[in-house]
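Subject: Structure handover

Hello,

Here is the structure for your files. My notes on what turned up in it follow below.

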Amino acid sequence: MVTESAVTAAASVAPTLEPLNAATGIFAWIWLLIALPLAGAVVLLTTGRWTNRFGHLIGVATVVISAALAIAMLVEMMGRSAEDRAFEQTLYSWVFAGQFTVDVAFQLDQLSIVFVLLITIVGSLIHIYSIGYMAEDPDRRRFFGFLNLFVAAMLLLVLADNFLLLYVGWEGVGLASFLLIGFWQYKPSAAAAAKKAFVINRVGDVGLSLAIMLMFVTFGSVTFESVFSSAGEASDSTLTWIGLLLLLAAAGKSAQFPLQAWLLDAMEGPTPVSALIHAATMVTAGVYLIVRSNAIYDRTVFAATTVLVIGVITMIIGAIIGSAKDDIKKALAGSTMSQIGYMVLAAGLGPVGYVFAIFHLLTHGVFKANLFLSAGSVMHAMNNGVDMRRFGALRTVMLITFGAFTFGYLAIMGIPPFSGFYSKDKIIHAAFEQNTIAGIAAVLAAGITGFYMTRMFTMTFLGKARWDDEAHPHESPPVMTIPLIVLGLGSLGLGAALVYWGDIVSWLTPVTGYESKPIAIPTTVLELITLAIVLIGVAIAVLIYARSVPIEPPQKVSVLTIAARNNLYDDATNDIVAVRPTWYAARFLVWFDNRVVDGAVNASAAFVGGASGRLRRIQNGFTRSYALVMVIGVIVVLGALALVGLS
Amino acid sequence: MNPENYIILAGVLFTIGSIGVLVRRNAIVVFMSIELMLNAANLAFVSFARINGNLDGQIVAFFVMVVAAAEVVVGLAIIVTVFRSRRSASIDEPNLLKY
């Protein structure tokens, strides 16, 4: 079915660390990619009411222009030879503290340009969609300001040429995520969800800051060039620690186990936010970090294996959680968690998988944005309802949304010729090349994906209508459906395009390296087995949900279902592991401060008071007792003098 | 004649005087005991002057006598004043300067 790419089996290509070209010509405008959305954000957030009427147009314009610029840069890059595609642009010297110097500088190479394209193109579509989705919201201008801020920070993250500037972008997207999840801050659940996302992200950020510190201590610099070129000289334990710390950061940002609890709550934000941040871009920043640091992970088996294990675990638990959620957005969030697990799994496989992690990241960005925006369109039609048990038969009223969702649905399940088929099957193939258990887990997760996506599809679009009395579903306006159509076409064709028209493997190999090993069974057989397992998942879902869906969630369900409805008890686990001990420690310290520290101070004061109370009874007012004391004193002094005189 | 005996006598007189200060309750008797102590000191000074063969001790005895006289004046004035207000010459009586 799928022909192998130009690199034949059992081949291995190491990443080339060629020197970066200076940014000239069109690449002199790299900084503009970030500056435009940033300026848009500043304008929209500082001008207040004056830009309310046309603010959204400014927001859309900045991202669209950045997208056009990025496409121009891609065309220019494609015209050059493979060794000549990396560019570096320094803006100014930022940190100069003795030996530690960091510049604000950008690096545009094959890896960053694909991210830039994903962010700006999908971002533009989501911006356009938001014009319609947020049309009745009085804070629409502020929404676009935050969206632009997010795009600027994310672009900074992928264009930075050193880890510290990447960290700035990292924090920026975390901030934008907080602002956007809690956009409707008058809703207590949204405010709490924003706080939860930020705090859990922060735990991961500790990993990134420690990794940066470790890099500076080991290599003397934090730029990608110096770290990756001297990675071979560092000790094994240092590299392992850096790898694990970077994994901690990636787990926080990409909602991987054990820092995944925030992603489902993040669905409190408006749907375009879920589509852009929590499906296509921010949550993929972790995968970017790992793939960018491939020089480190190639040299430490322990850290790479940990990445693999985390990916496998998250892939499975995301799928299980997504299967039990009745809220359409939460089900899609579980799906996102699982698909990013696929990407992290691929990144943990080493050179066999880096390219496919990014490939799946790109296709997933498109089809997941598609799915989320379709869900938003459905919610828009159903009065912002999210309970799938109240949907049903929406194919009859919303044809374009139904079509787009179907394309996304087929893509995520990996049905050929949709995009997901190419990227997912490549990951499964790579998993079997490196680690059979990971491969089996990936195939299993594909089956569960088939199940939960079909469940979602059936409950929402097929079957009988289970609508509320007030719901009058209708198709969304063109400003919302046109991005859906574009993303739907992307879900159909992006995968094939990146294999046959522009080969993603040869594009990314100079940055990540590529290796290909033979596997026990032929590729086509593996693809057929995967497809069969997916279809089994589909069949089970059809059997359960096609005929009738109860409006109230059934209570007599298996233990696993109850656990999945409770997000596999991640909140309870976080509570026991982190929240309670901290709370108890704080209480203990308060007790210690009150009783022991204050007690010591108070006790010494009481002692002095008590002693003085007793001592002052010597002053009893009797002259003769004073005279006696004087006589005793004289005798003591004379005795002392006699002793001294004698000695 | 042994001048050292006079030293011993001075010491005995001093001890009697100090015991008198500590034991007796009447203020006048306490003063008399103080005078006894001062005179014991005078005796000691003069005896030492005799032992050392110079007149330094006798000159200091003059000083002591002057000081004792002045002190008696002041002290008796205080006792008379206290007696006038309290009608008692006991030194245990005025004990208000206490904790």
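To start with one pair: A:Val95 stands opposite A:Val102, the latter in strand β4 of chain A. Please keep in mind throughout that this is a predicted model.

Sheet

The strand facing β4(A) is β3 of chain A, residues 87–97, and the two pair in the antiparallel sense over 9 bridges. They form a hairpin with 2 residues between the strands, where A:Gly98 takes a positive phi near 65°.

Nonpolar cores

The largest nonpolar core has 208 residues. Those touching the most other members are A:Phe150, A:Leu155, A:Leu159, A:Leu345, A:Ile358 and A:Ala442. Helix α15 of chain A (residues 354–381) supplies the largest share of this core, with 17 residues. Apart from this core lies another one of 5 residues, including B:Ala10, B:Met37, B:Ala40 and B:Ala44.

Which residues is A:Ala442 in contact with, leaving aside neighbours within four places in sequence? They are A:Met315, A:Tyr342, A:Leu345, A:Ile427, A:Ile428 and A:Ala431. As background, nonpolar side chains in soluble globular proteins tend to be buried together.

Domains and the chain contact

Chain A is assigned two stretches: domain 1 covers 12–565 and domain 2 covers 577–646. The C-alpha centres of these two domains of chain A lie 68 Å apart.

In the contact between the chains, 11 residues come from chain A and 10 residues from chain B. On the chain A side that touches chain B, the classes are 4 nonpolar, 4 polar and 3 charged residues.

Confidence

The average pLDDT of chain A is 89, and 98% of the residues score at least 70. Over residues 1–9 of chain A, however, the pLDDT is below 50. Beyond near neighbours in sequence, that stretch has 16 contacts in the model. Where pLDDT is low, the predicted coordinates should not be read in detail.

Regards

Conventions:
Residues are numbered from 1 along each chain as its sequence is written. Chains are lettered from A and ligands numbered from 1 in the order in which they are written. This is a predicted model: local features need pLDDT of at least 70, side-chain atom pairs count only at pLDDT 80 or more; totals for chains, interfaces and linings use all residues. A nonpolar core is a set of buried Ala, Val, Leu, Ile, Met, Phe, Trp, Tyr and Cys residues joined through C-beta atoms within 7 Å. A residue is buried if 20 or more other C-beta atoms lie within 10 Å of its own, exposed if 12 or fewer, and partly exposed in between; C-beta atoms are placed from the backbone. Helices (H or I, at least four residues) and strands (E, at least two) are DSSP runs, numbered from the N terminus. Two residues are in contact if their C-beta atoms, placed from the backbone, lie within 7 Å. Ala, Val, Leu, Ile, Met, Phe, Trp, Tyr, Cys and Pro count as nonpolar, Asp, Glu, Lys and Arg as charged, and the others, Gly among them, as polar. pLDDT is the predictor's confidence in each residue, from 0 to 100. Two strands pair if DSSP finds at least two bridges between them. Domain bounds come from an automatic or database domain assignment.
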